[in-house]
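Please read them beside the sequence and the coordinates.

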Amino acid sequence: MNDLTPDREDRVAKLKGLGCSRKRVEDARFTQGKGNYVDDIKLPGMLHGDFVRSPYAHARVVSIDASAALALDGVVAVLTAKDLEPLGLHWMPTLAGDKQMVLADGKVLFQGQEVAYVVARDRYVAADAVELVEVEYEELEVIVDPFKALQSDVVLREDIAGETSGAHGERRHPNHIFLWEEGDKSATEQVIDSADVVAEEMIYYHRTHPCPLETCGCVASMDKVNGKLTLYGTFQAPHVVRTVASLLSGIEEHNIRVVSPDIGGGFGNKVGVYPGYVCSIVASIVTGKPVKWVEDRMENLMATAFARDYWMKGRISATKDGKITALEAKVTADHGAFDACADPTKFPAGFFHICTGSYDIPVAYVGVDGVYTNKAPGGVAYRCSFRVTEAAYFIERMIELLAIELGMDAAELRRINFIREDQFPYQSALGWEYDSGDYHTAWDKALAAVDYDGLRAEQATRLEAFKRGETRKLMGIGLSFFTEIVGAGPVKNCDILGMGMFDSCEIRIHPTGSAIARLGTISQGQGHATTFAQILASEIGIPADSITIEEGDTDTAPYGLGTYGSRSTPVAGAATALAGRKIRAKAQMIAAYLLEVHDNDVEFDVDRFVVKGAPERFKTMAEIAYAAYNQAIPGVEPGLEAVSYYDPPNMTYPFGAYICVMDVDVDTGEVHIRQVYALDDCGTRINPMVIEGQVHGGLTEAYAIAMAQEIAYDDMGNCKTATLMDFFWPTAWETPHYTTDHTETPSPHHPIGAKGVGESPNVGGVPAFSNAVHDALRPLGLRQLHMPHDHWRIWKAANDLGLHG
Amino acid sequence: MIPAAFEYHRPGDLPSALALLREHGDDARVIAGGHSLIPMMKLRMAEVPHLIDLQAIKALRGITIDGTRVTLGAMVTQHEVIDSDALMSLAPILGEAALQIADPQVRYMGTIGGNVANGDPGNDMPGLMQCLDATFHLEGPEGTRSVLARAFYDSAYMTARSDDEILTAISFEAPKGGFAYEKQKRKIGDYATAAAAVMLTREGDTCAAASIAMTNLSDVPVWSAAAGAALVGTDVGAEAVSAAVDAALADIDPTEDNRGPVAFKRHVAAIIIARAITRAWGRA
Amino acid sequence: MSKKMQITLTVNGEAHDILAEPRELLIYVLRERLNITGPHVGCETSHCGACTVTLNGKSVKSCTMFAAQADGAEITTIEGLGSPDSRHALQEAFKEHHGLQCGFCTPGMITRAAKLLEENPNPTEEDVRFGMAGNLCRCTGYQNIVKSVLAAASDINTAKEAAQ
């Protein structure tokens, strides 16, 4: 080593590796208007598709007359189910083992359902043609209530009416999809029925929608000369789309290239396969021209995947001193017209059975009934792992209700029931193995940070003032402690359409010491190009600034299952680290050769291999990379590349403590959010800046969902919330300010100890906001108020409690 | 969301605009800022074969202040209202209301004339203009005429303006005393769940005059004479406010929508009106 | 289809003569006819502001304006703010303070913020939240957007002072 050698600290800093708040490499293009989203793609001769959609929620399609539309100048084709039937494409399989109409086949089952697909020269002509397609409907009785669906004689799905079993077992009614159970039912009932204290309540998590700012869309381009289909689109799982496209179309998979360009937010909305994609592919095959389809906002809210809509009947029991003894959840899940959930195949209710939460509950049972109704299909994981936000909301409400029954402070009730640090890895009653956690430390830190005791004292003072008529505003303290389950998942039990839920990374080191890495995931704003380069920088000693990350092109990227369910860091991040380690292993051999020592006599040091005990003798990774390409090294292949497919041994279990303090105006139903504190433990922190950004964003979606955001229908199945006037999306003005905090408990089984964070704030945030509303009205008798807590529903709760005189 | 085809006209003066309206009859609509009409056209809920853009007509622009008389050209935007120091000092209630309309971008485009002429019960300016006892100036084939804001609205989207007329200006006496425009909404960009405009003058400890109007609580804006009368001669104490609120509630007829059921709206209206009265009194 | 009309737009300093149907929305003309794809379509009902451009000195939602209405206008889009060699202070600040994630709202957000800072060079946090309320973001929760705009304001003011 000489004077010119930077010291170790400088070399580490130069890498911009793990743990540093590296600025995002994506931002240069996004801030200058140079993003490349699907609607920015223009191909020569490109045509445009648009849908004729059903105005009715349930109706028979008597006839479709497209003659006037076809006569319009610029209209190329109008596709109906009849046109798709010979190709076997009028229906398509869903990710949940059901099938879904691509275009209305005899009847429509929800408002906004795709009935015919118009292909035209441009969007304006297509829109005109949509108006000219005449469809005659015969209205049928509409069912929007899942409980009524199970009692009704009206059969929604005539195509499977006679089938008494489906993809997930027995169907006990024509409108029933499945019953999925986990845990010990009779033992749970026994404990609860004989318990000292029991809280019982129906908890509804309303229907909402991921509603990314960019809607769903695609461009299908069939090159008939070469027999190749290229499909650009807003796909959170491009490789799966390729496989599905191949299975559906019969085009061999090597002749299909799927590209996810920049994606303007996904949040689960862009996981599934939609009729628009299928119709665009067919239209391109038929016309021989590229066909673009981009849905508008109303179509997005009315027809592409919704989230939640879980009616959760819960019972939780405890001893007199507050030790929880059992938990039971009986769920009625409204799946809409088709079961198009995007869950791992074997989990029709996702990972809802994480609903024992952060608590050591000895016995539990979960039963979920899936039900068809006349609503849009979906049930996707909207900024959460599969049904985990429903589970977290359920248990965090049940805990609050149990606290009421016990007359105990809800923070204390949580504390005495947390899984202890020494219990990890922890086997839950519903079959999960929690990898690591230190809940008590996180909880104590959170309570201290907000001065919990001080807040309770202030709340009591306020309540007295309220009772004396001095104020009409009550104060609520919303507590939430959540455990997520992310990183799906182990191939042994997690697959989507048979594809194991591994993920992948392929790395090529260039001769001059820079690199490209490609992954099976796809960023929708999470900043993968920034953070995955950081993982790699720390693993292989090449600066993150010299590493290009590429995703989303199935012709170049290794197969992976995509980005949703906070799986990118836990799965693809692990693949990245392990592929990096393969690079390092080969680099070690090269370094040893160059330094003329045995392999075991060199060791990795930040950005180089040094001879053990002689740090002045080293080869940098740049030197090693060059040697890999220009020297014949005995016993070592030229080049420096690696690929890793990572099958996670377990999920990861991020956790956190969120506290929201709000004032609730009992007269107007308005709330003022005074404070939102969010402590996250996502294991090893790759980029604190990006983590904080994810937490802010997730909390805002949680705030929106808890307070006002919903997909609502009237009794006729008309969607009442199909534009951003009525679908609550808060502006900067309404959105609260957030304080973030963290603890760091690495995952023991993940190569770098990271757990994933993108979805935690939504999972933990919703109960924090909702519990704050409940907590404000609790002293006056409120037990349960279904979300969303918009002005009139809060007002109604107050009214029902007699607070309006 | 793509509108049907139409012919576009941009007349340079009012006579040309009126001639176009006459020529195309029911097939023509005038457009000012377009933030009510264009979304309706994109949803194909409004069919407009001939669109007459008023932006080039200078006579429809400008804020004129003549002593205490204020005249706003129909094409004055919400942003211009907020941006006018003279107006903000003479009639600050206008700015207070304008700032509660939509968002910055919409306020740059949205006009006072469009807001009052459209007849959408959700619009804020009609109620405010009734509170101010403003006069709307119309021009049509028969010449010009004036209609009081309080007599302009028949039902939702139906007004005293006939199809061949254009609303050219709004005028009112600069208000005296205290004022408040109070609005509850779900978020920025939303229409009112309930809104109230209140103006009061004070003589000593007594209310000398009062004007109260409400937005989005009926299919038209509602100016409640009885509510105002309930305050005049009182100390605007709790009892008087309560009487005014009761009187105002007797004059409204809200409907259920996504913002909530009727009972809720009536309750919120009571709160909003009381708050507006209290705030206006504090400024009187 | 109605007959097309000649429309003149000056976009980012460059004049364009365009033949378009009157009903074509300004956002459509910018994106499809002029290939200016920075402004995006988000909600189509003038709520989200992803399509925001500056038109004759005003922040305007280009999804709620017909190109015919814009005939003769001067327009600035995100592409006209700064250049790759000399980025606008807001473009720098959004990167520095993590004011964006998926990037879809960003062009409208920055274009709006530029106008806001022109009108109010020393905004408070409240001014920024209120002045940016016509632009929706689904990813960031706005906190870092607000931080970015405030930082850019300070950077612009510092640069101005230094220049004097």
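**Notes on the predicted model**

1. In chain A, the axes of helix α16 (residues 568–595) and helix α17 (residues 621–630) come within 10 Å and cross at roughly 90°, where axes are lines fitted to C-alpha atoms, for helices over the stretch in contact, and angles run from 0 to 180 degrees between N-to-C directions. α16(A) and α17(A) are therefore roughly perpendicular to each other; angles of 65 to 115 degrees count as such, those under 35 as roughly parallel, those over 145 as roughly antiparallel and the rest as oblique. From α16(A) the contact takes A587(A), I590(A), A591(A) and L594(A), and from α17(A) it takes M621(A), I624(A), A627(A) and A628(A), two residues being in contact if their C-beta atoms, placed from the backbone, lie within 7 Å. By class, this contact has eight nonpolar, no polar and no charged residues, with Ala, Val, Leu, Ile, Met, Phe, Trp, Tyr, Cys and Pro counted as nonpolar, Asp, Glu, Lys and Arg as charged, and the others, Gly among them, as polar.

2. On the basis of these notes: this is a predicted model, in which local features need pLDDT of at least 70 and side-chain atom pairs count only at pLDDT 80 or more, while totals for chains, interfaces and linings use all residues. Residues are numbered from 1 along each chain as its sequence is written, and chains are lettered from A and ligands numbered from 1 in the order in which they are written.

3. The secondary structure of chain A comes to 20 helices and 35 strands, these being DSSP runs (H or I, at least four residues, for helices; E, at least two, for strands) numbered from the N terminus. With 805 residues, a compact globule would have a radius of gyration near 28 Å, and the 28 Å of chain A agrees with this; the radius is taken over C-alpha atoms, and the globule rule is 2.2 Å times the number of residues to the power 0.38. The C-alpha trace of chain A spans about 85 × 75 × 50 Å along its principal axes. Of the contacts in chain A between residues at least 6 apart in sequence, 79% join residues at least 24 apart.

4. Buried residues make up 62% of the 805 residues in chain A; a residue is buried if 20 or more other C-beta atoms, placed from the backbone, lie within 10 Å of its own, exposed if 12 or fewer, and partly exposed in between. Helix α5 (residues 123–132) of chain A has seven of its ten residues buried, so it is largely enclosed by the rest of the structure. The buried residues of α5(A) are Y124(A), V125(A), A126(A), A127(A), D128(A), A129(A) and V130(A), and what covers them includes β1 (47–53), α3 (67–71), β3 (75–79) and β7 (114–120) of chain A.

5. The domain assignment of chain A, which is automatic or from a database, gives domain 1 (8–35 + 503–646), domain 2 (38–140 + 215–263 + 270–303) and domain 3 (306–487 + 651–800). The C-alpha centres of domain 2 and domain 3 of chain A lie 37 Å apart, and 19 residues of domain 2 are in contact with 25 residues of domain 3. On the domain 2 side, the largest share, five residues, comes from helix α10 (residues 297–303) of chain A.

6. Some backbone features deserve a check against the model. Most residues other than glycine have a negative phi, and most peptide bonds are trans. A cis peptide bond, with omega about -5°, joins F424(A) and P425(A), and P425(A) is placed in the loop between α12 (410–417) and β21 (426–427) of chain A. F267(A), which is not a glycine, has a positive phi of about 55°; F267(A) is buried, with 30 other C-beta atoms within 10 Å.

7. Between chains, the contact of chain A with chain C takes 41 residues from chain A and 44 residues from chain C. On the chain A side, α18(A) gives the most, with six residues.
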